Each structure stands twice: as C-alpha cells, then as structure tokens.
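Dear colleague,

Please find the structure below, together with its sequence. My notes on it follow, and I would be grateful if you could read them with the coordinates open.

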Amino acid sequence: MEPTRPATLVIAALATTALAWIGISSLWNSLPTLPWLPPLTLIGLAIFEGFEAYSTRNRILRREGAGPLQPLVIARYAVLGKASALVAALFGGLYVGMSSWLLTQRGVLAKVSENLPQALLGVAASIVLLAAALWLERACRVPPSERDKDLPRQGRMDGRREGDRTEDESLDR
C-alpha cells in the first residue's frame, strides 16, 4: 500500500468545493439550517485518530510502557488513516464551498448568519481530521531494520532480484 498522495486529496477537495458552490447557490432557499453534528463528529474522529497515531508510533518503536501491537491492527489503522484523509478532503471541500458562498452572500441573505458558524467549524474540523489521518497513516510505517538499510531499495527482502540464483541453487541444476 502506498502513502496517500497530496494530489488526490487536493483534486477531491477542489471538485467537492465546486459542486458544493453550485449546489448551495441553486438550492439555497430549500435548504434547512446546517446541523452541528457533522463537524463535531469530524472533530471526535480526529481526536481518536490522533490518539491512535501517538499510541501506534510508540508501540512500533517499542518505547517503554507501550505494549506490543498486532500487525493486522497496524494495517487496519493505515487503511483507516488513508480513508479518513480522503473523507476529510471531501468534507473540507464541501464546507469550503459552503463557507465561501455564504461569505459572499453575507449582507444579502438573512439566513446566512445562522449557517456560517457551522460551515466554518466544518472547515476547521476537516483540516484537523486531515492532519490526524495523515499522522495515523505515517505512524503505521515500520522503520527499516539495520539489515534492510544495507540492501538496495528495489528487489527482494534478501537483496536478490527475481531470477538471480545463489551458488547453491546453481550447483543443484
């Protein structure tokens, strides 16, 4: 699994921002007041992922007081971090689109002041979740061992490429 690419997150956020701007500008009169629950949920998820990133990193580095961690749990946390980063980019784009449209309509529409705090909190919560998700994904990386540092970056774990034979394997033929 490869790390999350920043370009993927930027494209997702920009596309969602454009769609949110178009959607809110055409459907504004029929939309209810924005709820507080989604931004608060994003903040709660960011707190959880930040805590798990800190804990996971300490366990991988085998710091004192940190117990062992199962490899499958680390893989699940890496997937959670990757997925949460994309969700944060999508929600961030949504809230940026809404916030920017609401800020342009601030003096024109009366209902704007009721929705702007939730939209701005959504932007902030998305940024915090994005940071926590990327931190969790990075915390799941296992540092290279001393043996791995001497080997070439590409190839198999034992330093040989596919098709290479050892002296013993050549003699068997």
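A residue counts as buried when its relative accessible area is under 20%. Ser-99 has a relative accessibility of 4% and therefore counts as buried. Please bear in mind throughout that this is a predicted model.

Ser-99 is located in helix H3, which covers residues 71-104. Apart from residues up to four places away in sequence, Ser-99 touches Leu-116, Ala-119, Leu-120 and Val-123. Helix H4 spans residues 112-139.

Ser-126 belongs to helix H4. With a relative accessibility of 3%, Ser-126 falls under the cut-off and so is buried as well. Once neighbours within four places in sequence are set aside, the contacts of Ser-126 are Leu-42, Ala-88, Phe-91, Gly-92 and Tyr-95.

I turn next to the packing of the helices. The axes of H3 and H4 lie 7 Å apart, and the two helices pack at an angle of about 155°. Because angles over 145 degrees count as roughly antiparallel, H3 is roughly antiparallel to H4. The crossing of H3 past H4 is left-handed. By class, the residues of this contact comprise 21 nonpolar, eight polar and two charged.

Helix H2, residues 37-60, also packs against H4: their axes come within 8 Å and cross at roughly 20°. An angle under 35 degrees counts as roughly parallel, so H2 is roughly parallel to H4. Here too the crossing is left-handed, with H2 passing H4. In the contact of H2 with H4 there are 18 nonpolar, five polar and four charged residues.

As for the protein as a whole, six helices and zero strands are found, and the order of elements from the N terminus is α-α-α-α-α-α. The protein has 173 residues, of which 31% count as buried. The accessible surface amounts to about 11,500 Å², and carbon and sulfur atoms account for 62% of that surface. Among contacts between residues at least 6 apart in sequence, 80% link residues at least 24 apart.

With kind regards

How values were computed:
Residues are numbered from 1 along each chain as its sequence is written. This is a predicted model: local features need pLDDT of at least 70, side-chain atom pairs count only at pLDDT 80 or more; totals for chains, interfaces and linings use all residues. Side-chain values use heavy atoms; hydrogens and water are left out. Axes are lines fitted to C-alpha atoms, for helices over the stretch in contact, and angles run from 0 to 180 degrees between N-to-C directions. Helices (H or I, at least four residues) and strands (E, at least two) are DSSP runs, numbered from the N terminus. Angles under 35 degrees count as roughly parallel, over 145 as roughly antiparallel, 65 to 115 as roughly perpendicular and the rest as oblique. A crossing is left-handed if the near helix is turned anticlockwise from the far one by less than a right angle, and right-handed if clockwise. Ala, Val, Leu, Ile, Met, Phe, Trp, Tyr, Cys and Pro count as nonpolar, Asp, Glu, Lys and Arg as charged, and the others, Gly among them, as polar. Buried means under 20% relative accessible area, exposed over 50%, partly exposed in between (1.4 Å probe, protein chains only). Contact means heavy atoms within 4.5 Å. Accessible areas come from the Shrake-Rupley method with a 1.4 Å probe; for residues, only the protein chains shown count as cover.
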